[in-house]
Amino acid sequence: MLAREKTFEIFNRVCKHSKADETEMITSGAKSSLTRFANNTITQNVSEENYVISVRVNFGGRTARATTNKFDDDSLQRVVESASALARVQDSDPDLLPIPDRSAFDPAGPIVARTYFETSKVGPVERAEGVAQMVDVAKKHNLTAAGTYATSESVEAIVNSKGLNAYHSQTSAEASITMIAGDSSGWQKANFPDVRDLDPAALAEVAARKAKDSAHPKELPPGKYTVILEPAAVLDLIGFMFWDWGGQAILDERSFLNNRIGERIFGENINITDDVYHPLQTGCPFDGEGVRRKRISLVENGVVQRLVFARGTAAKIAKSDYADKIGPVEATGHGFPIPNEIGEMPSNIVVASPDGKSKTVDQMISSAERAILVTRLWYIREVDPYEKILTGMTRDGTFLVENGRIQHGLLNFRFNQSLIHLLNNVVEMSQPVRSTGEESFDMVVPAMMVNDFNFTEVTKF
Amino acid sequence: MKEIANWVLDICSARGVQYAEARIVDERQRALATKNGKIGGASDAESLGIGIRVLANGAWGFAATEDLTRAGVETAARLALEIAHASAKVKQEDVRLAPEKAYQDDWSSPCRIDPFSISIEQNLDLLMKIDSELRGVEGVTLAETNLNFRRYEQWFYNTDGSDIHQLRHTTGVGYAAYSFEGSEIQKRSYPNSFGGQWQDRGYELVEELKLVENARRIGEEAVALHKADQCPEGRFDIVLDSSQLGLQIHESVGHPIELDRVLGMEANFAGTSFLTVDKLRNLKYGSDIVNVVADATEAHGPGLGTFKYDDEGVPGQCTPIISDGQFTGYLSSRETAHTIGENRSNGSMRAEGWNRTPMIRMTNISILPGPKPLTLEQLIASTDHGIFYQTNRSWSIDDKRYNFQFGTEIGWEIKGGKLTRMLKNPSYSGITTEFWNSMDAICSRDQWTLWGTPNCGKGQPQQVMGTGHGAAPARFRGVKVGTAYKGAE
């Protein structure tokens, strides 16, 4: 693992080569391993250790970045020269801010401790044992299993010539499993910083049950249905809207929130925060410039309250026509490394019902006269950027619920669904849980029961 | 490099492995971008390291390191061996590799003008000129441009005795104009979405694309879309431009023919395939005029899937995938070839970089043009009533690659053999084999373009790969249109 002290040592050598007014260095990388299996056999088993440094130089309103994974003096000199060559020929940008000083990341602020020795010591034998647990469940149920068991120990750090330094490391243990029967399948996935929280056999049992319960799926015509979306399906859908949640997206007029901030655009039961300090969250407590992330209430009772801002975006917004129209404007610690085209986004999403009332998925099923239970969604893409219409498919466990019980599996659907309308039609939520999918980033989200979900086609399996 | 590889192969041979390979990759990238008259991105990146793949005790292990000292490389080799032995604890049968000859060779992709030799000032000047043209159109609210260059040099050695050096240059360039008005965001891109056109060539690609000359038209179309009629819903004859047909091939032919998917090896993430092995030479995939090849050879053109050897040392080949409408071939590897009765891989194993293990990936999956002269104008002229689709905007397909839905940035109604009104938010959907069987015309070679898709994701950990797709405009009869917006309120 690349230690904090090593990043200082590299940065000191970088600075010797830099003739820029200001210099910044981001370090990132990991020791990561992933064991992959299919047909009840380990098919791929990989491990890598790689760290990169990314140097940004500022010459009076001109900036650029260069990256290398080599830390010898020649490579460091080359990376500084590359960044400098890219920066020097630019026109000066009056909106480019100087790099932040050390006060941007107060080390006395909230601590996030997400590194576990138990996770970092997992090796190929332990990963194979984790896979064996899942495969054993498959064999017990006469199913075929495919999936992954992965661990990593990663680091992110930023140091600059104004004395800012911020360092974060964390571990991760993740298991994902698809159980396959003759004409059906079931899926589960989870990850945690501490490997002791991960229970591959339990995930495998749930996936196996879904595969068996959805055997011999029947066809239901497309149309609008009440759906029960499990947390992975919820996060994979709503993740598409957070790219629009930064001030730069508003300035660029590419956000579905343009002309909608301060309005109640979702149901009153929708509350969303961005909170890297939440106990179920993971991630780094500073942004691409080293600014400490703040906890931001994005949506309260269906009203879009706040956006997130990088330092530069906040300064531009303050001078724009939007200054008094989009809620409090300040650097919130959500910026991407500069230069970039996107600006910023919230990436530590927590969704919870306002009054803490909740129903478990089983209770939602029990209360449903007719609904479709969705385990997972797939290949979600944006159809309309302003109405936020998304298309995609159900996958690996789609069920008809009638009279409070799961009746049978269903052939998978294609949906075309506006996220705005979806978040106006949420009638029940579970307690939020740490959840992970494949189409978006990890979140802390509940399962949701949603009326009038728009399925437009049915596929052949 | 050979000395470094020998450290690996010596250790592996001493441990009695069935097979081992070492890939050393030295990669350099440059990315430049503008947004609304300012620099949106300016970055260089370089990466050097080694990936070691071993087959021991009938199972795979892979380890990668950026530490190219003898100690670093030997540690990684031992780790790969340790991983392979751990893999062997969960297996149903041993991995069997199809035999392959040893090759000693040196190859470079065609590159007339080294893109890294072009000054940064010249590149930024071009992007700013395009930006100025786009924003010169009233109503354009966001203009984005990009230029990307990559130099990818690889040294490959394996225990079969291969010693292969390959160098590829990739160039990508494009731009987009956005217009926000009322409750709509409309977008037009040139020459394609996904960052424009990408090929394994030098800067000569940039010079050929008439980038500045097309910018004003693209800006004007983005703005005009607000006043266009909504694409209707129903069944129509449709004509796809070559870039949209390229993506249609990628999603509904390229992915389902990946033999690892077919065999269930991607079931947890990318999915499986409707093309089970019993369908080989037993499925009418498309109409009689549908001919698709997987062609990695230089003769096919400078696509993102062109190489002389794949990443397990097998020569690039041309494999017929659909021949006169019949399904005739998969993309395979040394491990999977025997499952379809072949005794040799067709050379489709590719890795994103030194730190990723090779896996079956698309090469250049291209539809062959029609044999008789047919221009796009003639194709439209022979269409009584239909819709012409240009430039992809959204794409989605199920995990067996049956049901798809695509949207494009712009559409045009065809009436009486002529393009008439502009249509906004056009979409179409269907089932793969039904769709390809509805194709009744394809334009000729002079209308054919080898497009690059730079962002194909597959695998765990995910690998992003560039793939090539040659296509000419084509017509499909009676396709379902407009479903994307059906009932989406």
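Chain A and chain B bury about 7100 Å² between them, with carbon and sulfur atoms giving 52% of that area. The model is predicted. On the two sides, 86 residues of chain A are in contact with 87 residues of chain B.

**Interface of chains A and B**
- There are 9 salt bridges between chain A and chain B, including one between Lys38(B) and Asp95(A) with an N to O distance of 2.4 Å.
- Polar contacts across this interface involve 47 residue pairs.
- Strand β2 (residues 41–58) of chain A supplies the largest share of the chain A side, 10 residues.
- By residue type, that side of chain A has 29 nonpolar, 32 polar and 25 charged residues.
- Strand β3 (residues 63–68) of chain A runs parallel to strand β2 (residues 38–56) of chain B, joined by 3 bridges; Thr67(A) has Ala45(B) as its bridge partner.

**Salt bridges within chain A**
- Glu289(A) and Arg56(A) form a salt bridge with their closest N and O atoms 3.9 Å apart.
- Glu289(A) sits in the loop between β8 and β9 and Arg56(A) in strand β2, so this pair ties together parts 233 residues apart in sequence.

**Salt bridges within chain B**
- Arg30(B) and Asp44(B) meet at 2.8 Å, N to O; Arg30(B) lies in strand β1 and Asp44(B) in strand β2, 14 residues apart, and both are buried.
- Asp131(B) and Arg135(B) meet at 2.7 Å and, 4 residues apart in helix α3, are separated by about one helical turn.
- Asp131(B) is buried at 1% relative accessibility, whereas Arg135(B) is partly exposed at 40%.

Note on methods. Residues numbered from 1 in each chain as written. Chains lettered and ligands numbered in written order. Predicted model: local features only at pLDDT ≥ 70, side-chain atom pairs only at ≥ 80, totals over all residues. Heavy atoms only, no water. Contact = heavy atoms within 4.5 Å. Buried area = accessible area lost by both parts, 1.4 Å probe. Salt bridge = Lys/Arg side-chain N within 4 Å of Asp/Glu carboxyl O. Polar contact = N/O pair within 3.5 Å; in protein donor to acceptor, adjacent residues only side chain to side chain. Helix = DSSP H or I, 4+ residues; strand = E, 2+ residues; numbered from the N terminus. Nonpolar A, V, L, I, M, F, W, Y, C, P; charged D, E, K, R; others polar. Pairing = 2+ DSSP bridges. Buried < 20%, exposed > 50% of the residue type's maximum accessible area, 1.4 Å probe, protein only.
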